[in-house]
Structure formats: C-alpha cells, structure tokens
Amino acid sequence: MEIHRVLDAITHGDDGLVRKVCLLSLSDAVVVISARRKDSAEWVNVEFRISGLTEFSVRQSAGFSNVVLSGGIAHQCIGGIQFLDFAPYSDAMEGADDFRMSGLYFAGASVACGFLPYSECA
C-alpha cells in the first residue's frame, strides 16, 4: 500500500506506539506501530518495511519497551531516498539533516507498508 495513504488513514500515527524495530539485514528493516484509524478510531498495527537502507538511527532509553509517537511520523523523499522518522522534532521537516536529528529514523530505497490486526505483542 502507498505510504501516504497509510499515513493519512492513521493521521500520521499521532499518539501511537512503536511496537517493534527489527533489522532484518544490513539493508532491510521492519518497524511495527500501533495507531488509531482515522475513519473508525479502531486500533490497528501497521508494518513498515524499509528496503535498501542507506542510513538509520535507533536510540531508546533503558527501561522503555515502547516509544510514543507524540509527534507522529514524518515521511519525505529526498534525492530518491525515502526518509521515515518515527520521532520527528519538528512539524516542518526541511531536509535530510532534520531527519538525522531524530533518535528513530530510517532512510532507504523503498518503503512498503500495510495494516495488521491489532496486537500489543508485535
């Protein structure tokens, strides 16, 4: 499913939770979040698969298992690279350097995403 359609359907994940971050290889990662659907307010899980990783940052405080998406999810294609930020510091991301300030972002050649049934154990 197109990332913009998914992000719009979950209001960019505002107040959702990051459930799982998994590096499948040096070039592929999966992030699963829980968020509410805009049309029904129903909780769903959403899986993001980032392929062709060019860079990423995953920093998490000790003792925390979930990251709250208080700023939602930012997405931008910059120079043919898809940037996906799960902890944006700003509402107006102006370039790659803004994404790089995040503690939880991925950049890669492509992003595939889709809905999963809701589960607290992703």
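The model is predicted.

The protein chain holds 2 helices and 7 strands. Read from the N terminus, the order of elements is α-β-β-β-β-β-β-α-β. The radius of gyration is 13 Å, close to the 14 Å given by the globule rule for 122 residues, so the chain is as compact as a globular protein of that length. Along the principal axes, the C-alpha atoms fill a box of roughly 35 × 30 × 25 Å.

Contacts across the sequence were examined next. Among contacts with a separation of 6 or more, 61% join residues 24 or more positions apart. Of the 122 residues, 39% count as buried. The accessible surface of the protein chain comes to about 6,500 Å². Carbon and sulfur atoms account for 51% of that surface. The chain carries 9 positive and 15 negative side chains. The centres of these two sets lie 6 Å apart.

V21 gives a local view. This residue sits in strand β1, which spans residues 16-23. The relative accessibility of V21 is 34%. Buried residues fall under 20% and exposed ones over 50%, so V21 counts as partly exposed. Beyond its neighbours within four places in sequence, V21 is in contact with V30, V31, V58, L104 and F106.

Technical notes: Residues numbered from 1 in each chain as written. Predicted model: local features only at pLDDT ≥ 70, side-chain atom pairs only at ≥ 80, totals over all residues. Heavy atoms only, no water. Helix = DSSP H or I, 4+ residues; strand = E, 2+ residues; numbered from the N terminus. Rg over C-alpha atoms; globule rule 2.2 N^0.38 Å. Buried < 20%, exposed > 50% of the residue type's maximum accessible area, 1.4 Å probe, protein only. Contact = heavy atoms within 4.5 Å. Areas by Shrake-Rupley, 256 points an atom, 1.4 Å probe, with all protein chains shown as cover. Lys, Arg positive; Asp, Glu negative; His and termini not counted. Charge placed at Lys NZ, Arg CZ, Asp CG, Glu CD.
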